[in-house]
Amino acid sequence: MEQLKIENLYTLTETIVAQLFEGAQYPWEVLPKIGAFIVELGNSLPEDIYEKKGENVWIAKSAKVYPSAYINGPAIIDEGAEVRHCAFIRGNAIVGKGAVVGNSTELKNVVLFNKVQVPHYNYVGDSVLGYKAHMGAGSITSNVKSDKTLVTVKAEEERFETGLKKFGAMLGDEVEVGCNSVLNPGTVIGKNASVYPTSSVRGYVPEGCIYKDKGNIVKREQ
């Protein structure tokens with residue numbers, strides 16, 4: 001399905017890790033590669049712009065990291081990003097330029113493109129969030145199925161076997177997720193789509209649509 005491909009979800013010029021996606025067709029293919037790629041890239045970053053702190057953690061000198069935030073490597077915090085009070089970055093995380101990781105937000109094995117906002121009590125794991133994507137307060141990605149089986153992406157009449165046990169959500173550029181929503185394992189949301197608050201989303205939400213509830217997805221009015 002063409003809409004699920006990387007080039008139809010993401011603006012690769014809006015991330016420091018564009019090379020991570022080379023050779024991949026669908027964005028979830030990069031999830032197992034994030035940690036090793038960060039280490040390789042981090043060791044090549046210019047020392048006048050980035051500072052290495054601890055083991056495999058690179059933080060741009062222009063980024064703002066609150067003293068109470070915890071960052072475990074491998075991780076890159078890019079220029080102008082903000083990591084706020086009590087944020088918990090567990091590792092394998094790229095925080096893009098101008099992105100915001102908020103109070104008590106937890107990240108694990110993720111790519112946040114530039115200007116992503118996960119600002120209030122979010123959990124984002126095994127996920128890729130596109131340019132200017134925003135998750136409202138309390139919204140989370142659920143990254144493991146309750147029966148622990150491998151995650152399948154379901155889009156219209158197609159099924160994609162990912163081979164992954166852990167897979168949260170793929171959010172395209174400028175996606176808006178409403179407060180206290182749950183994005184279930186294998187969720188893919190197209191560019192410029194929105195999710196109503198308190199939703200439980202599963203499967204694929206097409207580009208430019210609004211997810212109101214299960215079976216009620218409408219095209220955004222121009």
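Arg 90 has a relative accessibility of 34%, so Arg 90 counts as partly exposed (buried means under 20% relative accessible area, exposed over 50%, partly exposed in between, with a 1.4 Å probe and protein chains only). The model is predicted: local features need pLDDT of at least 70, side-chain atom pairs count only at pLDDT 80 or more, and totals for chains, interfaces and linings use all residues. Residues are numbered from 1 along each chain as its sequence is written, and side-chain values use heavy atoms, with hydrogens and water left out.

**Salt bridge of Arg 90**

- The structure holds six salt bridges (a side-chain nitrogen of Lys or Arg within 4 Å of a carboxyl oxygen of Asp or Glu).
- One of them joins the side chains of Arg 90 and Glu 106, at 2.8 Å from N to O.
- Arg 90 is in the loop between strand S7 (88–89) and S8, and Glu 106 is in strand S10, so this pair ties together parts that are 16 residues apart in sequence. Helices (H or I, at least four residues) and strands (E, at least two) are DSSP runs, numbered from the N terminus.
- Glu 106 has 22% relative accessibility and therefore counts as partly exposed.

**Network around Lys 97**

- Salt bridges with shared partners join Asp 78, Glu 79 and Lys 97 into one network.
- Lys 97 and Asp 78 meet through their side chains at 2.9 Å, N to O. Lys 97 is in the loop between S8 and strand S9 (100–103), while Asp 78 is in the loop between S5 and strand S6 (82–83), 19 residues apart.
- Asp 78 is buried, with a relative accessible area of 0%, whereas Lys 97 is partly exposed at 30% relative accessibility.
- Lys 97 also forms a salt bridge with Glu 79, and the closest N and O atoms are 4.0 Å apart. Glu 79 lies in the loop between S5 and S6, and Lys 97 in the loop between S8 and S9, so the pair ties together parts that are 18 residues apart in sequence.
- Glu 79 is partly exposed, with a relative accessible area of 29%.

**Helix H2**

- In helix H2 (residues 34–42), the buried residues are Ile 34, Gly 35, Phe 37, Ile 38, Leu 41 and Gly 42.
- Seen down the axis of H2, these buried residues fall within an arc of 165°, so they line one face of the helix. The arc is that of the directions from the helix axis to the C-beta atoms.
- Ala 36 and Glu 40, on the other side of H2, are exposed.
- The buried residues of H2 pack against strands S2 (57–60), S5 (75–77), S8 (93–95) and S10 (106–112), where contact means heavy atoms within 4.5 Å.
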